[in-house]
Amino acid sequence: MKTLNEFYRNKRLLALALCGGAILPACTNNNQTKPNIIYILADDLGYAELGCYKQQLIETPNIDKLAQDGIMFTNHYSGSPVSAPSRCVLFTGKHTGHAYIRGNDEAGERGDVWSHAAMLADSTLEGQRPVPAETVMIPKLLKQAGYKTACIGKWGLGYPGSVSTPNKMGFDFFYGYNCQRQAHTYFPPFLYRNESREYLNNELLPPNTKLDEGADSLDIKSYSKYTQNSYAPDLMFNEIMNFVDDTQDQPFLLFWTTPVPHMPLQAPEHWVDYYVKKFGDETPHLGGYFPCRYPHATYAAMISHWDEQIGKLVAKLKEKGEYENTLIIFTSDNGPTFNGGTDSPFFDSAKPFKSEYGWGKTSLREGGIRVPMIACWTGKVKGGRTSNPVSAFWDVMPSLCEIAGVDTPETDGISFLPELLGKEQTTHEFLYWEYPESGGSKAVRMGKWKGYIPNIFRGNTEMQLYNLDLDPREQTNIAKYHPEIVGQLTEIIDREHTTPEIKRFDINRTK
């Protein structure tokens, strides 16, 4: 793999390869001719929650149009089954056997990090564990190629004032949630503009606030306190449109790291009404995060409202004459969740994989890490195609560096630019994950084979083996019939794990 990466880092060969294809303007050193890159990252969106991936209930016409005009990947994997490590893998190009962040980590030694009132009063309690200051991330590399960089949405890789805030990691502009826990409400009291809080016209309403005592759970008016004035996804979208408008004569890199459709269930009223008419009456959700009168309708509304915004962004690019010079990549940080009023089985969110608790988010099963990915680059990438080679989040860094014409540091990834251009694509011999939460688990994919070791911290060391070509839902463990394959996968797992600097991330720890 290192030899392959060295090949892709050879700029002379890269120029010859690209200039023989459809993207000749990107082969010069003129920054104005480099393509813009927009990477849209959903939060907890399942493999099958888009129309183009055979979703039957939620309408996503604008994302479906990106798939129609571009390439739809069928074997793309996230970096992890939860948010922070998946983002670390994405931005650094290192899989979770090598990455610094390998699980969600609130750094609870700081104090009462789960109290929203405490975080409102003290910003040092916000955010997640930071990565080291010297960590090289994608935006730093593309800035070397003349890109203006922005991250708008959710961060989750370093608390305010730490060494790894978005601006310190290479983003010229950041707007949104620094902290994952703050994103547990879409009507927060503040968001961050670069390094500083920007207070909003919302009162603090901590997650898990119940209905008023004696309130009628069937009366929509009982839920009015959960809708306030400033809806974070709309504020962030306004900043996205402003960023695109304000960027002139310079290529831009935009990571739109939306919190949608992560819980809680909060969406614009007109979209909720649309799906109430489509789905009919429902049983209210009265449990975790916030109560919701129409949980199915609201979940669908969150995704369709976001899809509508994506359509507006595409229209803006076309209006500016930038659409054909913009690569848009769409994906999700992990599989569908199981809490807060979601009902992944109702939507069949991970189809053809299982999406129930234990099979989606927080699991290294296919439903937890196989995610949709769409790449659209009109005029450069032939549309209407389906891509089957395996790829993963750690491929994004070498891919974007190759597109931008900048040297790639050593990663675990392989550039998928050849696949975008319809050229011969070198594929992974294997993909590897480890996840030091939910009992501890490891997984490896090699061709059609999937090895999975769950419940490591409960003493399990036995690998389960699945043939994904015949058994994509991972229902029949065939390890005893293929000991030689189990042996090969075990060797990969042993080789790819390195001891993390943070003890709680060590999948091999005994305590």
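The structure is a predicted model, in which local features need pLDDT of at least 70, side-chain atom pairs count only at pLDDT 80 or more, and totals for chains, interfaces and linings use all residues. Residues are numbered from 1 along each chain as its sequence is written, and side-chain values use heavy atoms, without hydrogens and water.

Helices are DSSP runs (H or I, at least four residues), numbered from the N terminus. The axes of helix 8 (residues 269-279) and helix 9 (residues 295-319) come within 8 Å. They cross at roughly 125°, with axes fitted to C-alpha atoms over the stretch in contact and angles running from 0 to 180 degrees between N-to-C directions.

The largest pocket has a volume of about 520 Å³. A pocket is an open set of points on a 1 Å grid over the protein atoms alone, with protein on both sides within 12 Å along at least five of seven lines. Volume is the space filled by probe spheres set on the points, which are joined across faces, edges and corners. The pocket is lined by 24 residues (an atom within 4 Å of a point). Helix 8 gives the most to this lining, with four residues.

Three cavities of 30 Å³ or more were counted; in a cavity, a 1.4 Å probe fits but cannot get out.

Notes
Helix = DSSP H or I, 4+ residues; strand = E, 2+ residues; numbered from the N terminus.
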